[in-house]
Amino acid sequence: MHKFDYLIIGGGMAGASAGYFLADHGSVALLEMESQPGYHTTGRSAAFYAQSYGNAAIRALTVGCKSFFDAPPPGFTDQPLLSDCGALFVARDDQMDSLHAHFEETRALIPDVQLLTKQETRDWVPALREDYVAGGLKEPRSMSIDVHALHHGFLRGFREKGGVIATDNQVIGLGRTNGDWLAESRSGTYAAPVVINAAGAWCDQIGQLAGAQPIGLVPKRRTVIVFDNSSPHDSDSWPLTVDVDEQFYLKPDSGRILGSPANEDPMAPCDVQPEDIDIATAMDRLQKATTLEITSIVNKWAGLRSFVADKSPVVGFDPDAPGFFWLAGQGGYGIQTAPSMGLVSALLASGRDFPSHLVDLGLTAADLSPQRLREVD
Ligand SMILES: Cc1cc2nc3c(=O)[nH]c(=O)nc-3n(C[C@H](O)[C@H](O)[C@H](O)COP(=O)(O)OP(=O)(O)OC[C@H]3O[C@@H](n4cnc5c(N)ncnc54)[C@H](O)[C@@H]3O)c2cc1C
């Protein structure tokens with residue numbers, strides 16, 4: 001029996017960030033079923049940080065961790081976590097109402113978002129078709145994230161604070177005895193009064209092992225392709241370019257271009273792979289919107305973005321299962337929100353207050369609590 005103050009199930013970005021902050025408050029073991037903690041969704045992201053992306057809760061969490069990204073704690077990493085790229089939301093004529101609505105919604109939080117004319121939009125990304133794009137919205141604070149440096153910074157810092165990482169260690173049973181959760185895994189039984197469920201797409205399965213009511217998590221497949229830039233333009237200066245209704249996006253990727261059809265196909269949790277239809281849809285949407293010709297795809301992958309009904313993350317103790325803490329539903333934002341999510345989960349799981357800087361951004365513990373999902377029922 002391995003005894004700790006806290007157990008974390010899952011070593012992706014969620015579990016790693018929670019472990020990093022939680023190790024300040026007690027002994028922590030992180031149990032990960034794969035040999036590489038970033039193998040699932042964390043290692044398959046598009047690596048961007050966009051303050052105007054997602055709903056109000058996501059935007060507050062994203063803005064709230066900018067200072068961590070800009071100035072991580074000493075020794076966290078020796079390279080910048082963010083690099084400038086900017087984001088451009090683009091609209092066709094029939095999407096201009098969406099663009100204006102997006103502008104109104106985001107400018108309260110991000111004062112320097114700016115509407116662009118068709119010409120200004122195409123000046124920034126000349127590959128956008130003249131007969132396709134009608135206008136754009138510039139979000140100058142968007143960045144590219146070094147996902148590997150962030151994830152490894154959390155894992156390394158966690159270990160340095162005394163945290164224990166057990167890989168190849170799938171949790172197959174979870175029960176509560178005498179005030180402790182007992183997690184059965186390949187390397188034995190781990191015990192702690194508090195267990196953090198950070199199992200990504202598998203969070204509802206872990207909840208089921210614990211006898212908790214499901215949160216209604218739906219893993220959705222999203223596919224990415226990387227292709228050569230066929231245009232005469234230097235794509236490295238392009239921003240992250242997103243259809244305002246999220247029908248596609250593209251971003252520069254070391255001389256090549258990363259693109260996605262922004263698909264959201266519901267799936268059971270698994271080691272998901274790209275489907276041919278995703279690739280065909282990506283090519284169709286990207287080639288309709290731009291003059292890029294996609295003749296050779298040099299890389300492709302898919303990952304699961306997991307959402308609950310309101311698309312906000314779920315962070316907090318289960319209302320019925322004592323000591324069972326949810327850290328789930330990061331959707332497509334679990335990298336850009338990770339420092340906030342890790343901090344929030346460590347503070348709440350150790351019985352501390354919700355961070356005041358996030359309250360100042362309009363977010364409360366209730367907005368993230370699993371209890372809110374019961375109230376909707
Ligand atoms: C194509 C794509 C693009 C994306 N782009 C962005 C982006 O640009 N910016 C952004 O912020 N986010 C993005 N995301 C979302 C982001 O990647 C996720 O929100 C984030 O990685 C979720 O992290 P996680 O730790 O919850 O999940 P995961 O990384 O999947 O980690 C969960 C871990 O739990 C482990 N596990 C599961 N069951 C068990 C068990 N029984 N026992 C032990 N371990 C278990 C798994 O092995 C896994 O390692 C994107 C996602 C995709 C798919």
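## The ligand shell

The residues of the shell around the ligand comprise 19 nonpolar, 16 polar and five charged, where Ala, Val, Leu, Ile, Met, Phe, Trp, Tyr, Cys and Pro count as nonpolar, Asp, Glu, Lys and Arg as charged, and the others, Gly among them, as polar. This is a predicted model, in which local features need pLDDT of at least 70 and side-chain atom pairs count only at pLDDT 80 or more, while totals for chains, interfaces and linings use all residues. Residues are numbered from 1 along each chain as its sequence is written, and side-chain values use heavy atoms, with hydrogens and water left out.

In total, 40 residues surround the ligand, and the closest are Glu 32, Thr 42, Phe 48, Gly 331 and Gln 336; a residue is near a molecule if one of its heavy atoms lies within 4 Å of it.

## Contributing elements

Strand S20 (297–307) is one of the elements that supply at least two shell residues, and S20 gives the most, with three. At least three shell residues come from each of domain 1 (2–63 + 147–217 + 310–376) and domain 2 (87–140 + 218–307), with bounds taken from an automatic or database domain assignment.

## Backbone atoms and burial

Oxygen atoms of the ligand lie 2.9 Å from a backbone N or O atom of Ile 335, 3.2 Å from one of Thr 41 and 3.4 Å from a polar backbone atom of Pro 37. Taken alone, the ligand exposes 1000 Å², of which the protein buries 98%, with accessible areas from the Shrake-Rupley method with a 1.4 Å probe.

How values were computed:
Polar contact = N/O pair within 3.5 Å; in protein donor to acceptor, adjacent residues only side chain to side chain. Helix = DSSP H or I, 4+ residues; strand = E, 2+ residues; numbered from the N terminus.
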